[in-house]
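This briefing is meant for a reader who is meeting the structure for the first time. Please look over the sequence and the model below, and then follow the points topic by topic.

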Amino acid sequence: NVSAKTISHEPEEAIFYPDTDGKPMAESDFQRNPLVYCVEALKEQFSTDPDVYVSGNLLIYYEQGNPLKSVAPDVFVVFGVPGYDRSSYKIWEEGKFPDAVIKIISKSTWKKDPDNVSLYRRLGVKEYFLFDPTGRYIDPALRGYRLDKRGTYRQIRVVNLPGGILKSGSLRLGLELRVESGRLRLYDPKRGEYLFNLGEEKQGRLQAEARAERAEEEIRRLREKLKALED
């Protein structure tokens with residue numbers, strides 16, 4: 001694993017760690033939509049645990065004193081650290097690396113995959129998943145790696161489900177990553193349902209309220225009919 005070593009002789013408070021690398025969050029809707037979905041859905045999934053931190057496209061600095069040593073995963077989850085908002089994530093302050101990382105592949109990043117796999121392995125990231133929303137750069141469009149006891153990444157099996165669905169399991173998250181009709185979804189096997197983002201949660205509530213209103217209206221009409229028959 002990579003240690004968070006100090007390489008500068010300047011006082012830590014004199015070293016500037018930028019909050020952004022100047023790069024856009026995503027190149028297109030193909031990358032942005034699954035990124036936003038995963039961050040929102042995972043935040044909701046672990047919202048009751050104050051010691052789970054979920055973020056995305058946030059700079060992670062992994063060498064104290066060297067602002068050049070950073071990486072910005074599209075989506076990552078850290079267990080055992082407080083879940084408050086941060087402007088950046090410094091390994092030497094937090095005390096641990098992310099447990100799981102999800103990368104949304106784009107035209108400009110897919111060639112860096114071997115370097116990223118090597119880096120995340122050295123950083124000790126337990127699970128690293130890649131999703132290709134366009135299906136152009138990796139086959140199948142979902143790929144995962146899990147760190148074994150010897151510090152080696154082993155590919156996680158991808159299963160083909162009926163309907164052309166791809167499935168790969170995350171032991172760290174307790175979830176399944178699924179690709180259905182080109183969309184990345186997170187599935188909770190314990191509850192037997194997909195995770196929703198904020199927009200989908202709101203839409204689901206509105207639909208449930210509408211169904212409840214229709215049911216109440218139907219019950220009211222039936223009561224009126226029964227009353228009319230009794231009279």
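What percentage of the 231 residues of the chain count as buried? The share that counts as buried is 42%, and this value, like those that follow, is computed from a predicted model.

**Confidence and overall figures**

- The pLDDT averages 86 over the chain, and 83% of the residues score at least 70.
- In residues 201–210, however, the pLDDT is below 50, and this stretch has 2 contacts in the model beyond near neighbours in sequence. Where pLDDT is low, the predicted coordinates should not be read in detail.
- The accessible surface of the chain comes to about 13,700 Å², and 49% of that surface belongs to carbon and sulfur atoms.
- When contacts between residues at least 6 apart in sequence are considered, 57% of them join residues that are at least 24 apart.

**Helix α1**

- Helix α1 covers residues 29–45, and at 1.5 Å a residue its 17 residues should span 24 Å, which agrees with the 23 Å that separates its end C-alpha atoms.
- The buried residues of α1 are Q31, P34, L35, Y37, C38, V39, A41 and L42. An α-helix has 3.6 residues a turn, so residues three or four places apart point the same way.

**The nonpolar cores**

- The largest nonpolar core has 27 residues, and the members that touch the most other members are L42, I102, L173, L184 and L186.
- Two or more residues of this core come from each of α1, β1 (52–55), β4 (75–79), β6 (100–104), β7 (127–131), β12 (175–180) and β13 (183–188), and the largest share, 6 residues, is given by α1.
- Leaving aside residues up to four places away in sequence, L184 touches P34, Y37, C38, I102, I104, F131, L142, L177, R178 and V179.
- In soluble globular proteins, nonpolar side chains tend to be buried together.

- Why can β4 be described as largely enclosed by the rest of the structure? The description holds because 5 of the 5 residues of β4 are buried, a term that stands for a relative accessible area under 20%.
- Both faces of β4 are covered, with V75, V77 and F79 buried on one side and F76 and V78 buried on the other.
- Strand β4 pairs with β1 in the antiparallel sense over 4 bridges, and within this pairing V52 has F79 in β4 as its bridge partner.
- Strands β4 and β6 also run antiparallel and are joined by 3 bridges, with V75 standing opposite I102 in β6.

**Two open sheets**

- An open sheet of 5 strands has the order β10-β11-β12-β13-β14, and its pairing is antiparallel. Its edge strands, each of which pairs on one side only, are β10 (159–161) and β14 (193–194).
- In that sheet, β11 (residues 165–170) and β12 pair in the antiparallel sense over 5 bridges, and E176 in β12 is the bridge partner of G169.
- Another open sheet has 3 strands in the order β3-β2-β5, with mixed pairing, and its edge strands are β3 (70–71) and β5 (89–90), each pairing on one side only.
- Strand β2 (residues 60–61) pairs with β5 in the parallel sense over 2 bridges, and the bridge partner of I60 is Y89 in β5.

- Is G164 buried or exposed? G164, which has its place in the loop between β10 and β11, has a relative accessible area of 60% and is therefore exposed, the cut-off for that term being over 50%.
- G164 and E180 are 16 residues apart along the chain, and their C-alpha atoms are separated by 7.0 Å.
- I91 is found in helix α2 (residues 91–94), and with a relative accessible area of 4% I91 is buried.
- The C-alpha atoms of I91 and Y62 are separated by 5.3 Å, although these residues are 29 residues apart along the chain.

Note on methods
Residues numbered from 1 in each chain as written. Predicted model: local features only at pLDDT ≥ 70, side-chain atom pairs only at ≥ 80, totals over all residues. Heavy atoms only, no water. Expected span 1.5 Å × (residues − 1). Buried < 20%, exposed > 50% of the residue type's maximum accessible area, 1.4 Å probe, protein only. pLDDT = per-residue confidence, 0-100. Contact = heavy atoms within 4.5 Å. Core = buried A, V, L, I, M, F, W, Y, C linked by side-chain atoms within 4.5 Å. Pairing = 2+ DSSP bridges. Areas by Shrake-Rupley, 256 points an atom, 1.4 Å probe, with all protein chains shown as cover.
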